[in-house]
Amino acid sequence: MTSPSDTSKSDTPRSGTPRSEAAGRVNPLGKLRGWPLTFLLAGVTGLSIAPFYWLVVSSTRKDTEVFDWPPKLLPGGSLGENLSHLEQKIGLLRVVGNSLLVAGVQTLGALVVALLAGYAFAKFRFRGRTLLFALLFSTLVVPEQVMLVPLFKMMTNFGLLDTYQALILPGLCVPFAVFLMRQSLSSLPDELLDAARVDGAGEFRVLFSVVVPVMRPVLAALSIFLFLGSWNQFVWPLIALRSPGMHTLPVALATLHGNKSNTDYGAILSGTALSTLPMMVLFLVLQRQFISGLLAGATKG
Amino acid sequence: MSAASPPAALAGRSAAPRRSRLRRAAVPYLLLAPALLTFGVFKAYPVVESLLLSFTTGSGAATRDAGLANYRRLLDDPLFWTALSNTGEILVIQVPLMLGLALLMAVGINSALVRWRTVWRLGVFMPSVTGLVATGVIFAYLLKTDDGAVNRVLNAVGLPSVDWLGQPVWARMAVVVVLTWHYTGYNAVIYLAGLQSIPRELYEAAMVDGAGPIRRFTSVTVPALRPVLLFTVVLSTIGTLQLFDEPYVLTGGGPDNATLTVSMYLYQNGFRYYDFGYASAVAYALTLLVTVLGAVQMRLMGERDK
(Lines give C-alpha, C1' and ligand atoms only; values in the text may rest on other atoms or scores of the structure.)
Protein backbone atom coordinates (compact mmCIF):
# COMPACT_ATOMS: atom_id res chain seq x y z
CA MET A 1 0.00 0.00 0.00
CA THR A 2 2.61 2.57 -0.96
CA SER A 3 0.75 3.49 -4.11
CA PRO A 4 -0.24 7.09 -4.73
CA SER A 5 -3.69 6.28 -3.50
CA ASP A 6 -2.34 6.73 -0.01
CA THR A 7 -2.24 10.42 -0.58
CA SER A 8 -5.98 10.30 -0.72
CA LYS A 9 -6.06 10.03 3.01
CA SER A 10 -4.57 13.46 3.24
CA ASP A 11 -7.95 14.89 2.43
CA THR A 12 -8.08 15.22 6.16
CA PRO A 13 -5.88 18.14 7.11
CA ARG A 14 -2.20 17.86 8.07
CA SER A 15 -1.58 17.98 11.76
CA GLY A 16 -1.81 21.46 13.15
CA THR A 17 -4.49 22.67 10.76
CA PRO A 18 -7.46 23.89 12.74
CA ARG A 19 -10.44 21.63 12.40
CA SER A 20 -12.67 24.34 11.00
CA GLU A 21 -10.52 24.52 7.90
CA ALA A 22 -10.78 20.84 7.22
CA ALA A 23 -13.88 21.08 5.10
CA GLY A 24 -12.67 22.51 1.81
CA ARG A 25 -9.14 23.87 2.04
CA VAL A 26 -6.07 22.00 1.01
CA ASN A 27 -2.59 23.14 1.96
CA PRO A 28 0.08 23.80 -0.71
CA LEU A 29 1.94 20.57 -0.07
CA GLY A 30 -1.31 18.65 -0.53
CA LYS A 31 -1.99 20.53 -3.73
CA LEU A 32 1.26 19.28 -5.23
CA ARG A 33 0.67 15.78 -3.98
CA GLY A 34 -2.65 15.69 -5.75
CA TRP A 35 -1.21 15.72 -9.27
CA PRO A 36 0.27 12.21 -9.49
CA LEU A 37 -3.01 10.80 -8.30
CA THR A 38 -4.94 12.92 -10.77
CA PHE A 39 -2.74 11.64 -13.60
CA LEU A 40 -3.17 8.07 -12.43
CA LEU A 41 -6.94 8.44 -12.41
CA ALA A 42 -6.81 10.04 -15.82
CA GLY A 43 -4.94 6.94 -17.01
CA VAL A 44 -7.50 4.58 -15.49
CA THR A 45 -10.34 6.60 -16.97
CA GLY A 46 -8.53 6.51 -20.30
CA LEU A 47 -8.42 2.71 -20.17
CA SER A 48 -12.13 2.66 -19.36
CA ILE A 49 -13.04 4.91 -22.25
CA ALA A 50 -10.50 3.84 -24.91
CA PRO A 51 -12.52 0.83 -26.14
CA PHE A 52 -15.54 3.09 -26.69
CA TYR A 53 -13.46 5.58 -28.56
CA TRP A 54 -12.02 2.83 -30.72
CA LEU A 55 -15.56 1.59 -31.31
CA VAL A 56 -16.83 5.00 -32.37
CA VAL A 57 -13.87 5.58 -34.71
CA SER A 58 -14.03 2.08 -36.20
CA SER A 59 -17.75 2.22 -36.82
CA THR A 60 -17.32 5.37 -38.89
CA ARG A 61 -14.37 4.05 -40.88
CA LYS A 62 -14.07 1.78 -43.86
CA ASP A 63 -14.13 -1.91 -43.06
CA THR A 64 -10.52 -2.30 -44.20
CA GLU A 65 -9.26 0.38 -41.82
CA VAL A 66 -10.48 -1.23 -38.61
CA PHE A 67 -7.21 -3.02 -37.90
CA ASP A 68 -4.86 -0.38 -39.25
CA TRP A 69 -1.78 0.38 -37.21
CA PRO A 70 -1.12 3.03 -36.11
CA PRO A 71 -4.84 3.25 -35.50
CA LYS A 72 -6.98 5.94 -37.04
CA LEU A 73 -7.59 8.52 -34.37
CA LEU A 74 -10.44 10.48 -35.86
CA PRO A 75 -13.86 9.32 -37.02
CA GLY A 76 -14.30 8.89 -40.76
CA GLY A 77 -17.28 9.21 -43.06
CA SER A 78 -18.33 5.59 -43.58
CA LEU A 79 -20.90 5.23 -40.82
CA GLY A 80 -23.81 5.36 -43.27
CA GLU A 81 -22.21 2.77 -45.52
CA ASN A 82 -21.52 0.44 -42.57
CA LEU A 83 -25.06 0.78 -41.30
CA SER A 84 -26.54 0.07 -44.70
CA HIS A 85 -24.40 -3.09 -44.95
CA LEU A 86 -25.74 -4.06 -41.56
CA GLU A 87 -29.30 -3.38 -42.70
CA GLN A 88 -28.73 -5.85 -45.55
CA LYS A 89 -27.23 -8.46 -43.25
CA ILE A 90 -29.52 -8.41 -40.22
CA GLY A 91 -32.39 -6.05 -41.07
CA LEU A 92 -31.09 -3.39 -38.71
CA LEU A 93 -34.21 -1.22 -38.57
CA ARG A 94 -36.47 -4.14 -37.75
CA VAL A 95 -34.02 -5.43 -35.13
CA VAL A 96 -33.65 -2.06 -33.43
CA GLY A 97 -37.44 -1.73 -33.51
CA ASN A 98 -37.77 -5.15 -31.83
CA SER A 99 -35.32 -4.12 -29.12
CA LEU A 100 -37.07 -0.82 -28.49
CA LEU A 101 -40.50 -2.41 -28.38
CA VAL A 102 -39.50 -5.21 -26.01
CA ALA A 103 -37.46 -2.98 -23.71
CA GLY A 104 -40.11 -0.25 -23.70
CA VAL A 105 -43.08 -2.47 -22.93
CA GLN A 106 -41.13 -4.52 -20.42
CA THR A 107 -39.90 -1.44 -18.58
CA LEU A 108 -43.35 0.09 -18.40
CA GLY A 109 -44.94 -3.19 -17.31
CA ALA A 110 -42.34 -3.99 -14.69
CA LEU A 111 -42.55 -0.44 -13.39
CA VAL A 112 -46.32 -0.65 -12.87
CA VAL A 113 -46.12 -4.13 -11.33
CA ALA A 114 -43.39 -2.99 -8.94
CA LEU A 115 -45.15 0.24 -8.04
CA LEU A 116 -48.42 -1.49 -7.18
CA ALA A 117 -46.79 -4.31 -5.23
CA GLY A 118 -44.34 -2.01 -3.48
CA TYR A 119 -47.21 0.24 -2.46
CA ALA A 120 -49.15 -2.71 -1.04
CA PHE A 121 -46.15 -3.91 0.96
CA ALA A 122 -45.21 -0.45 2.21
CA LYS A 123 -48.57 1.04 3.10
CA PHE A 124 -51.00 -1.77 3.94
CA ARG A 125 -51.20 -4.33 6.71
CA PHE A 126 -52.82 -7.50 5.46
CA ARG A 127 -52.88 -11.21 6.05
CA GLY A 128 -49.94 -13.02 4.43
CA ARG A 129 -47.86 -9.87 4.01
CA THR A 130 -44.63 -11.20 5.49
CA LEU A 131 -45.02 -14.57 3.83
CA LEU A 132 -45.63 -13.13 0.37
CA PHE A 133 -42.72 -10.75 0.74
CA ALA A 134 -40.39 -13.57 1.78
CA LEU A 135 -41.63 -15.70 -1.10
CA LEU A 136 -40.90 -12.95 -3.60
CA PHE A 137 -37.36 -12.66 -2.28
CA SER A 138 -36.56 -16.31 -2.03
CA THR A 139 -36.11 -16.38 -5.80
CA LEU A 140 -33.37 -13.76 -5.63
CA VAL A 141 -30.91 -16.45 -4.61
CA VAL A 142 -31.96 -18.67 -7.51
CA PRO A 143 -29.88 -18.08 -10.64
CA GLU A 144 -31.83 -16.97 -13.67
CA GLN A 145 -30.55 -20.00 -15.57
CA VAL A 146 -32.72 -22.32 -13.48
CA MET A 147 -35.82 -20.89 -15.13
CA LEU A 148 -34.63 -21.19 -18.73
CA VAL A 149 -35.71 -24.77 -19.45
CA PRO A 150 -39.19 -24.51 -17.85
CA LEU A 151 -39.78 -21.13 -19.50
CA PHE A 152 -38.81 -22.60 -22.85
CA LYS A 153 -41.19 -25.52 -22.35
CA MET A 154 -43.94 -23.18 -21.20
CA MET A 155 -43.57 -20.84 -24.18
CA THR A 156 -43.53 -23.84 -26.51
CA ASN A 157 -46.78 -25.09 -24.98
CA PHE A 158 -48.42 -21.66 -25.17
CA GLY A 159 -47.28 -21.38 -28.78
CA LEU A 160 -45.45 -18.20 -27.85
CA LEU A 161 -41.96 -19.17 -28.92
CA ASP A 162 -40.47 -16.60 -31.26
CA THR A 163 -42.92 -13.84 -30.22
CA TYR A 164 -42.57 -10.55 -28.39
CA GLN A 165 -44.72 -11.92 -25.56
CA ALA A 166 -42.18 -14.65 -24.88
CA LEU A 167 -39.55 -11.98 -24.25
CA ILE A 168 -41.73 -9.52 -22.37
CA LEU A 169 -43.81 -11.68 -20.01
CA PRO A 170 -41.03 -13.28 -17.93
CA GLY A 171 -39.52 -9.86 -17.24
CA LEU A 172 -42.64 -8.25 -15.77
CA CYS A 173 -42.04 -9.32 -12.19
CA VAL A 174 -38.68 -7.99 -11.04
CA PRO A 175 -38.40 -8.75 -7.29
CA PHE A 176 -35.59 -6.26 -6.91
CA ALA A 177 -37.77 -3.49 -8.32
CA VAL A 178 -40.59 -4.40 -5.92
CA PHE A 179 -38.10 -4.27 -3.07
CA LEU A 180 -36.83 -0.86 -4.15
CA MET A 181 -40.35 0.55 -4.49
CA ARG A 182 -41.29 -0.76 -1.07
CA GLN A 183 -38.21 0.85 0.49
CA SER A 184 -38.86 4.21 -1.10
CA LEU A 185 -42.59 4.19 -0.42
CA SER A 186 -42.15 3.34 3.27
CA SER A 187 -40.51 6.70 3.79
CA LEU A 188 -43.56 8.46 2.37
CA PRO A 189 -45.54 10.02 5.26
CA ASP A 190 -48.92 8.36 5.89
CA GLU A 191 -50.44 11.78 6.59
CA LEU A 192 -50.09 12.63 2.92
CA LEU A 193 -52.17 9.61 1.94
CA ASP A 194 -54.70 10.09 4.74
CA ALA A 195 -55.26 13.70 3.75
CA ALA A 196 -56.21 12.58 0.26
CA ARG A 197 -58.44 9.82 1.63
CA VAL A 198 -60.27 12.29 3.89
CA ASP A 199 -60.93 14.35 0.79
CA GLY A 200 -62.77 11.32 -0.53
CA ALA A 201 -60.19 9.99 -2.98
CA GLY A 202 -60.33 6.23 -3.64
CA GLU A 203 -57.26 4.09 -3.10
CA PHE A 204 -56.23 4.06 -6.75
CA ARG A 205 -56.83 7.80 -7.01
CA VAL A 206 -54.52 8.27 -4.01
CA LEU A 207 -51.88 6.13 -5.67
CA PHE A 208 -51.90 7.84 -9.03
CA SER A 209 -52.50 11.46 -8.07
CA VAL A 210 -50.61 11.62 -4.78
CA VAL A 211 -48.00 8.87 -4.64
CA VAL A 212 -46.82 8.76 -8.26
CA PRO A 213 -46.01 12.48 -8.55
CA VAL A 214 -43.98 12.38 -5.34
CA MET A 215 -42.14 9.23 -6.42
CA ARG A 216 -41.17 10.54 -9.83
CA PRO A 217 -37.38 10.59 -9.20
CA VAL A 218 -37.39 7.02 -7.89
CA LEU A 219 -39.55 5.87 -10.78
CA ALA A 220 -37.18 7.57 -13.22
CA ALA A 221 -34.14 5.88 -11.70
CA LEU A 222 -35.88 2.53 -11.64
CA SER A 223 -37.11 2.80 -15.21
CA ILE A 224 -33.60 3.53 -16.46
CA PHE A 225 -32.34 0.53 -14.55
CA LEU A 226 -35.09 -1.69 -15.97
CA PHE A 227 -34.66 -0.39 -19.50
CA LEU A 228 -30.93 -0.96 -19.40
CA GLY A 229 -31.40 -4.54 -18.20
CA SER A 230 -34.03 -5.27 -20.81
CA TRP A 231 -32.16 -3.60 -23.68
CA ASN A 232 -29.08 -5.69 -22.93
CA GLN A 233 -30.70 -9.02 -22.07
CA PHE A 234 -29.27 -11.87 -24.06
CA VAL A 235 -29.59 -15.48 -22.89
CA TRP A 236 -33.37 -15.71 -22.83
CA PRO A 237 -33.93 -13.94 -26.18
CA LEU A 238 -31.23 -16.16 -27.66
CA ILE A 239 -33.27 -19.19 -26.59
CA ALA A 240 -36.79 -17.91 -27.18
CA LEU A 241 -36.25 -16.41 -30.64
CA ARG A 242 -35.95 -18.39 -33.86
CA SER A 243 -36.48 -16.18 -36.88
CA PRO A 244 -33.96 -13.41 -37.61
CA GLY A 245 -36.86 -11.00 -38.08
CA MET A 246 -37.68 -11.31 -34.38
CA HIS A 247 -34.10 -10.87 -33.16
CA THR A 248 -33.24 -8.14 -30.71
CA LEU A 249 -30.06 -6.16 -31.24
CA PRO A 250 -27.79 -8.20 -28.91
CA VAL A 251 -28.99 -11.49 -30.40
CA ALA A 252 -28.57 -10.25 -33.96
CA LEU A 253 -25.09 -8.91 -33.24
CA ALA A 254 -23.94 -12.05 -31.44
CA THR A 255 -25.29 -14.20 -34.29
CA LEU A 256 -23.57 -12.12 -36.94
CA HIS A 257 -20.36 -12.10 -34.89
CA GLY A 258 -20.53 -15.87 -34.43
CA ASN A 259 -20.82 -16.37 -38.17
CA LYS A 260 -17.13 -16.67 -38.99
CA SER A 261 -17.71 -16.30 -42.72
CA ASN A 262 -18.76 -12.71 -42.11
CA THR A 263 -15.75 -10.44 -42.15
CA ASP A 264 -17.49 -7.09 -42.50
CA TYR A 265 -16.09 -5.71 -39.26
CA GLY A 266 -17.26 -2.20 -40.01
CA ALA A 267 -20.88 -3.36 -40.17
CA ILE A 268 -20.74 -5.29 -36.90
CA LEU A 269 -18.98 -2.48 -35.09
CA SER A 270 -21.44 0.12 -36.33
CA GLY A 271 -24.24 -2.05 -34.93
CA THR A 272 -22.35 -2.47 -31.66
CA ALA A 273 -21.93 1.28 -31.44
CA LEU A 274 -25.63 1.69 -32.12
CA SER A 275 -26.47 -0.72 -29.28
CA THR A 276 -24.19 1.14 -26.89
CA LEU A 277 -24.60 4.80 -27.74
CA PRO A 278 -28.22 5.34 -26.63
CA MET A 279 -27.22 4.04 -23.20
CA MET A 280 -24.15 6.25 -23.15
CA VAL A 281 -26.15 9.35 -24.02
CA LEU A 282 -28.84 8.49 -21.50
CA PHE A 283 -26.15 7.88 -18.91
CA LEU A 284 -24.34 11.15 -19.54
CA VAL A 285 -27.58 13.14 -19.46
CA LEU A 286 -29.14 11.40 -16.47
CA GLN A 287 -26.05 10.24 -14.60
CA ARG A 288 -27.55 10.93 -11.19
CA GLN A 289 -30.61 8.73 -11.78
CA PHE A 290 -28.46 6.14 -13.51
CA ILE A 291 -26.03 5.74 -10.68
CA SER A 292 -28.67 5.85 -7.96
CA GLY A 293 -30.70 3.25 -9.88
CA LEU A 294 -27.74 0.92 -10.20
CA LEU A 295 -26.57 1.51 -6.66
CA ALA A 296 -29.96 1.13 -5.05
CA GLY A 297 -29.20 -2.46 -4.17
CA ALA A 298 -25.78 -1.66 -2.77
CA THR A 299 -26.75 0.97 -0.27
CA LYS A 300 -29.42 -1.27 1.17
CA GLY A 301 -26.95 -4.16 1.48
CA MET B 1 -84.27 -0.30 -0.18
CA SER B 2 -86.49 2.55 -1.24
CA ALA B 3 -88.89 1.85 1.64
CA ALA B 4 -87.79 4.22 4.35
CA SER B 5 -88.80 2.00 7.25
CA PRO B 6 -86.41 2.53 10.15
CA PRO B 7 -84.88 -0.97 10.18
CA ALA B 8 -84.12 -0.89 6.46
CA ALA B 9 -82.48 2.49 6.73
CA LEU B 10 -80.39 1.23 9.59
CA ALA B 11 -79.34 -1.82 7.68
CA GLY B 12 -78.44 0.35 4.72
CA ARG B 13 -76.35 2.62 6.84
CA SER B 14 -74.37 -0.22 8.42
CA ALA B 15 -73.93 -2.10 5.17
CA ALA B 16 -72.21 0.78 3.42
CA PRO B 17 -69.25 1.04 5.81
CA ARG B 18 -68.95 -2.73 5.91
CA ARG B 19 -68.82 -2.88 2.15
CA SER B 20 -66.20 -0.16 2.03
CA ARG B 21 -64.25 -1.86 4.78
CA LEU B 22 -64.33 -5.04 2.73
CA ARG B 23 -63.25 -3.12 -0.29
CA ARG B 24 -60.40 -1.59 1.70
CA ALA B 25 -59.31 -5.03 2.84
CA ALA B 26 -59.21 -6.18 -0.77
CA VAL B 27 -57.07 -3.24 -1.91
CA PRO B 28 -53.63 -4.64 -1.02
CA TYR B 29 -54.47 -7.95 -2.72
CA LEU B 30 -55.62 -6.12 -5.83
CA LEU B 31 -52.40 -4.13 -5.82
CA LEU B 32 -50.38 -7.31 -5.45
CA ALA B 33 -52.32 -9.30 -8.04
CA PRO B 34 -50.18 -8.42 -11.10
CA ALA B 35 -46.95 -9.10 -9.22
CA LEU B 36 -48.16 -12.38 -7.74
CA LEU B 37 -49.57 -13.59 -11.03
CA THR B 38 -46.43 -12.88 -13.05
CA PHE B 39 -44.25 -14.08 -10.21
CA GLY B 40 -46.15 -17.33 -9.83
CA VAL B 41 -46.23 -18.17 -13.53
CA PHE B 42 -42.82 -16.97 -14.67
CA LYS B 43 -40.67 -17.36 -11.55
CA ALA B 44 -42.03 -19.68 -8.87
CA TYR B 45 -43.45 -22.29 -11.23
CA PRO B 46 -40.25 -22.56 -13.33
CA VAL B 47 -38.12 -22.90 -10.19
CA VAL B 48 -40.20 -25.84 -8.96
CA GLU B 49 -40.66 -27.35 -12.43
CA SER B 50 -36.92 -27.24 -12.99
CA LEU B 51 -36.29 -29.19 -9.80
CA LEU B 52 -38.83 -31.83 -10.83
CA LEU B 53 -37.35 -32.00 -14.33
CA SER B 54 -33.92 -32.68 -12.90
CA PHE B 55 -35.26 -36.06 -11.74
CA THR B 56 -36.49 -37.03 -15.20
CA THR B 57 -34.98 -38.08 -18.48
CA GLY B 58 -36.11 -38.10 -22.10
CA SER B 59 -38.36 -35.43 -23.59
CA GLY B 60 -41.95 -34.77 -24.56
CA ALA B 61 -44.22 -37.79 -24.18
CA ALA B 62 -41.18 -40.00 -23.61
CA THR B 63 -40.25 -38.20 -20.39
CA ARG B 64 -39.78 -40.68 -17.59
CA ASP B 65 -38.66 -40.76 -14.01
CA ALA B 66 -34.91 -41.04 -13.60
CA GLY B 67 -34.42 -40.64 -9.86
CA LEU B 68 -30.97 -39.31 -9.15
CA ALA B 69 -29.50 -40.52 -12.45
CA ASN B 70 -28.90 -36.98 -13.78
CA TYR B 71 -27.03 -35.98 -10.66
CA ARG B 72 -24.98 -39.17 -10.72
CA ARG B 73 -24.15 -38.52 -14.35
CA LEU B 74 -23.11 -35.00 -13.42
CA LEU B 75 -20.54 -36.25 -10.93
CA ASP B 76 -18.96 -38.48 -13.59
CA ASP B 77 -19.12 -35.97 -16.39
CA PRO B 78 -15.61 -34.68 -17.21
CA LEU B 79 -17.03 -31.79 -19.22
CA PHE B 80 -19.06 -30.60 -16.24
CA TRP B 81 -15.92 -30.63 -14.10
CA THR B 82 -14.06 -28.74 -16.83
CA ALA B 83 -16.79 -26.13 -16.87
CA LEU B 84 -16.72 -25.94 -13.09
CA SER B 85 -12.94 -25.56 -12.89
CA ASN B 86 -12.91 -22.94 -15.68
CA THR B 87 -15.56 -20.96 -13.86
CA GLY B 88 -13.69 -21.39 -10.58
CA GLU B 89 -10.39 -20.25 -12.05
CA ILE B 90 -11.94 -17.15 -13.58
CA LEU B 91 -13.72 -16.44 -10.28
CA VAL B 92 -10.67 -16.81 -8.05
CA ILE B 93 -8.50 -14.57 -10.23
CA GLN B 94 -11.04 -12.04 -11.38
CA VAL B 95 -13.06 -11.15 -8.30
CA PRO B 96 -10.15 -10.21 -5.97
CA LEU B 97 -8.34 -8.44 -8.81
CA MET B 98 -11.38 -6.40 -9.74
CA LEU B 99 -12.47 -5.54 -6.21
CA GLY B 100 -8.91 -4.58 -5.21
CA LEU B 101 -8.65 -2.26 -8.19
CA ALA B 102 -12.11 -0.89 -7.52
CA LEU B 103 -11.21 -0.05 -3.93
CA LEU B 104 -8.03 1.75 -4.99
CA MET B 105 -9.96 3.65 -7.63
CA ALA B 106 -12.62 4.66 -5.12
CA VAL B 107 -10.08 5.84 -2.56
CA GLY B 108 -8.36 7.81 -5.32
CA ILE B 109 -11.48 9.45 -6.64
CA ASN B 110 -12.62 10.23 -3.10
CA SER B 111 -9.46 12.14 -2.34
CA ALA B 112 -9.98 15.89 -1.96
CA LEU B 113 -6.57 16.44 -3.57
CA VAL B 114 -7.67 15.09 -6.89
CA ARG B 115 -8.95 17.42 -9.56
CA TRP B 116 -12.05 16.88 -11.72
CA ARG B 117 -13.34 14.05 -9.55
CA THR B 118 -16.74 14.00 -11.26
CA VAL B 119 -15.07 13.35 -14.61
CA TRP B 120 -13.18 10.31 -13.31
CA ARG B 121 -16.25 8.99 -11.53
CA LEU B 122 -18.27 9.26 -14.71
CA GLY B 123 -15.50 7.84 -16.89
CA VAL B 124 -14.83 4.71 -14.88
CA PHE B 125 -18.54 4.01 -14.54
CA MET B 126 -19.16 4.09 -18.29
CA PRO B 127 -18.12 0.51 -19.13
CA SER B 128 -20.78 -0.92 -16.83
CA VAL B 129 -23.47 0.75 -18.91
CA THR B 130 -22.36 -1.21 -22.00
CA GLY B 131 -24.20 -4.38 -22.86
CA LEU B 132 -22.29 -7.61 -22.39
CA VAL B 133 -22.69 -8.63 -26.02
CA ALA B 134 -21.33 -5.28 -27.17
CA THR B 135 -18.44 -5.66 -24.74
CA GLY B 136 -17.72 -9.14 -26.07
CA VAL B 137 -17.70 -7.96 -29.69
CA ILE B 138 -15.45 -4.97 -28.95
CA PHE B 139 -12.90 -7.08 -27.11
CA ALA B 140 -13.01 -9.92 -29.62
CA TYR B 141 -11.52 -7.42 -32.07
CA LEU B 142 -9.25 -5.60 -29.64
CA LEU B 143 -7.75 -8.94 -28.54
CA LYS B 144 -7.22 -10.40 -32.02
CA THR B 145 -3.84 -12.08 -32.14
CA ASP B 146 -2.41 -10.72 -35.39
CA ASP B 147 -3.72 -7.22 -35.66
CA GLY B 148 -5.71 -6.48 -32.49
CA ALA B 149 -4.97 -3.21 -30.76
CA VAL B 150 -3.98 -4.81 -27.45
CA ASN B 151 -1.19 -6.87 -29.00
CA ARG B 152 -0.08 -3.88 -31.09
CA VAL B 153 0.32 -1.91 -27.89
CA LEU B 154 2.19 -4.79 -26.23
CA ASN B 155 4.52 -4.97 -29.23
CA ALA B 156 5.05 -1.23 -29.16
CA VAL B 157 6.43 -1.45 -25.63
CA GLY B 158 8.61 -4.43 -26.54
CA LEU B 159 6.43 -7.27 -25.32
CA PRO B 160 5.53 -10.28 -27.47
CA SER B 161 2.04 -10.80 -28.88
CA VAL B 162 -0.32 -12.93 -26.83
CA ASP B 163 -2.58 -15.48 -28.46
CA TRP B 164 -5.49 -14.23 -26.36
CA LEU B 165 -8.33 -16.21 -27.85
CA GLY B 166 -6.36 -19.20 -29.12
CA GLN B 167 -4.53 -20.50 -26.04
CA PRO B 168 -6.58 -22.08 -23.22
CA VAL B 169 -4.94 -20.19 -20.35
CA TRP B 170 -4.89 -16.88 -22.20
CA ALA B 171 -8.49 -17.30 -23.30
CA ARG B 172 -9.53 -17.48 -19.66
CA MET B 173 -7.37 -14.42 -18.99
CA ALA B 174 -9.14 -12.67 -21.85
CA VAL B 175 -12.44 -13.32 -20.08
CA VAL B 176 -10.88 -11.97 -16.87
CA VAL B 177 -9.74 -8.83 -18.70
CA VAL B 178 -13.19 -8.25 -20.18
CA LEU B 179 -14.99 -8.78 -16.89
CA THR B 180 -12.57 -6.50 -15.09
CA TRP B 181 -12.96 -3.77 -17.68
CA HIS B 182 -16.72 -4.05 -17.53
CA TYR B 183 -17.40 -4.15 -13.78
CA THR B 184 -14.50 -2.46 -11.94
CA GLY B 185 -15.90 1.05 -12.27
CA TYR B 186 -19.32 -0.07 -11.09
CA ASN B 187 -17.82 -1.51 -7.92
CA ALA B 188 -15.63 1.57 -7.49
CA VAL B 189 -18.71 3.78 -7.51
CA ILE B 190 -20.34 1.54 -4.91
CA TYR B 191 -17.23 1.87 -2.72
CA LEU B 192 -17.17 5.59 -3.33
CA ALA B 193 -20.70 5.90 -1.95
CA GLY B 194 -19.53 3.86 1.06
CA LEU B 195 -16.43 6.01 1.58
CA GLN B 196 -18.45 9.19 1.51
CA SER B 197 -20.63 7.94 4.33
CA ILE B 198 -17.67 7.36 6.70
CA PRO B 199 -17.69 10.15 9.28
CA ARG B 200 -14.69 12.46 9.00
CA GLU B 201 -14.36 12.38 12.79
CA LEU B 202 -13.16 8.77 12.62
CA TYR B 203 -10.16 9.81 10.52
CA GLU B 204 -9.48 12.77 12.75
CA ALA B 205 -9.56 10.59 15.85
CA ALA B 206 -7.20 8.11 14.19
CA MET B 207 -4.80 10.93 13.34
CA VAL B 208 -4.89 12.21 16.89
CA ASP B 209 -3.89 8.70 17.91
CA GLY B 210 -0.94 8.98 15.52
CA ALA B 211 -2.15 6.63 12.80
CA GLY B 212 -0.46 7.08 9.42
CA PRO B 213 -2.21 6.79 6.05
CA ILE B 214 -1.84 3.01 5.80
CA ARG B 215 -3.00 2.47 9.36
CA ARG B 216 -5.99 4.74 8.74
CA PHE B 217 -6.84 2.75 5.64
CA THR B 218 -6.72 -0.61 7.42
CA SER B 219 -8.24 0.49 10.74
CA VAL B 220 -10.85 3.00 9.64
CA THR B 221 -11.65 2.66 5.95
CA VAL B 222 -11.78 -1.12 5.59
CA PRO B 223 -13.86 -1.83 8.73
CA ALA B 224 -16.29 0.95 7.86
CA LEU B 225 -16.67 -0.41 4.35
CA ARG B 226 -17.17 -4.00 5.48
CA PRO B 227 -20.91 -4.21 4.71
CA VAL B 228 -20.32 -2.73 1.25
CA LEU B 229 -17.33 -5.02 0.67
CA LEU B 230 -19.44 -8.00 1.64
CA PHE B 231 -22.16 -6.92 -0.74
CA THR B 232 -19.77 -6.60 -3.69
CA VAL B 233 -17.93 -9.85 -2.93
CA VAL B 234 -21.17 -11.82 -2.80
CA LEU B 235 -22.62 -10.08 -5.85
CA SER B 236 -19.48 -10.56 -7.96
CA THR B 237 -19.15 -14.18 -6.91
CA ILE B 238 -22.74 -14.96 -7.81
CA GLY B 239 -22.39 -13.06 -11.08
CA THR B 240 -19.19 -14.86 -12.07
CA LEU B 241 -20.64 -18.27 -11.24
CA GLN B 242 -23.43 -17.51 -13.72
CA LEU B 243 -21.05 -16.28 -16.41
CA PHE B 244 -22.47 -16.73 -19.90
CA ASP B 245 -22.65 -13.74 -22.28
CA GLU B 246 -18.99 -12.75 -22.34
CA PRO B 247 -17.45 -16.16 -23.12
CA TYR B 248 -20.33 -16.96 -25.49
CA VAL B 249 -19.49 -13.94 -27.63
CA LEU B 250 -15.75 -13.73 -27.02
CA THR B 251 -14.62 -17.32 -27.36
CA GLY B 252 -17.74 -19.44 -27.82
CA GLY B 253 -16.43 -21.55 -24.93
CA GLY B 254 -13.20 -22.45 -26.71
CA PRO B 255 -10.48 -23.10 -27.46
CA ASP B 256 -11.00 -26.75 -26.61
CA ASN B 257 -13.60 -25.92 -23.92
CA ALA B 258 -11.10 -23.76 -22.04
CA THR B 259 -13.70 -21.07 -21.42
CA LEU B 260 -16.72 -23.31 -21.18
CA THR B 261 -18.62 -22.12 -18.10
CA VAL B 262 -21.29 -23.90 -16.06
CA SER B 263 -24.00 -21.69 -17.56
CA MET B 264 -22.78 -22.38 -21.09
CA TYR B 265 -22.77 -26.09 -20.39
CA LEU B 266 -26.35 -25.80 -19.13
CA TYR B 267 -27.27 -23.94 -22.33
CA GLN B 268 -25.63 -26.58 -24.52
CA ASN B 269 -27.43 -29.44 -22.84
CA GLY B 270 -30.77 -27.69 -22.72
CA PHE B 271 -30.95 -25.94 -26.05
CA ARG B 272 -28.51 -27.70 -28.32
CA TYR B 273 -29.21 -31.30 -27.23
CA TYR B 274 -32.65 -30.60 -25.70
CA ASP B 275 -31.73 -32.77 -22.73
CA PHE B 276 -34.02 -30.88 -20.34
CA GLY B 277 -33.54 -33.26 -17.42
CA TYR B 278 -29.78 -33.03 -17.47
CA ALA B 279 -29.78 -29.28 -18.08
CA SER B 280 -32.05 -28.88 -15.05
CA ALA B 281 -29.65 -30.92 -12.94
CA VAL B 282 -26.82 -28.62 -14.02
CA ALA B 283 -29.04 -25.65 -13.13
CA TYR B 284 -29.66 -26.98 -9.64
CA ALA B 285 -25.99 -27.80 -9.14
CA LEU B 286 -25.33 -24.15 -10.00
CA THR B 287 -28.01 -23.00 -7.55
CA LEU B 288 -26.44 -25.10 -4.83
CA LEU B 289 -23.05 -23.62 -5.58
CA VAL B 290 -24.36 -20.05 -5.55
CA THR B 291 -26.24 -20.55 -2.30
CA VAL B 292 -23.42 -22.31 -0.48
CA LEU B 293 -20.67 -19.93 -1.59
CA GLY B 294 -22.85 -16.90 -0.85
CA ALA B 295 -23.70 -18.21 2.61
CA VAL B 296 -20.08 -19.07 3.40
CA GLN B 297 -18.90 -15.61 2.38
CA MET B 298 -21.57 -13.91 4.45
CA ARG B 299 -20.67 -16.08 7.40
CA LEU B 300 -16.94 -15.44 7.14
CA MET B 301 -17.14 -11.72 6.50
CA GLY B 302 -20.07 -11.16 8.80
CA GLU B 303 -18.38 -12.83 11.76
CA ARG B 304 -15.24 -10.74 11.62
CA ASP B 305 -17.55 -7.83 12.19
CA LYS B 306 -18.07 -8.71 15.82
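What radius of gyration does chain B have, and what would a compact globule of 306 residues have? Chain B has 28 Å, whereas such a globule would have a value near 19 Å; the radius is taken over C-alpha atoms, and the globule rule is 2.2 Å times the number of residues to the power 0.38. This is a predicted model, in which local features need pLDDT of at least 70 and side-chain atom pairs count only at pLDDT 80 or more, while totals for chains, interfaces and linings use all residues. Residues are numbered from 1 along each chain as its sequence is written, chains are lettered from A in the order in which they are written, and side-chain values use heavy atoms, without hydrogens and water.

**Chain B: fold and extent**
- Chain B contains twelve helices and two strands (DSSP runs: H or I of at least four residues for helices, E of at least two for strands).
- Along the sequence, the pattern of chain B is α-β-β-α-α-α-α-α-α-α-α-α-α-α.
- The C-alpha atoms of chain B fill a box of roughly 105 × 70 × 40 Å along the principal axes.

**Burial**
- Of the 306 residues in chain B, 52% are buried (under 20% relative accessible area, with a 1.4 Å probe and protein chains only).

Key:
Buried < 20%, exposed > 50% of the residue type's maximum accessible area, 1.4 Å probe, protein only.
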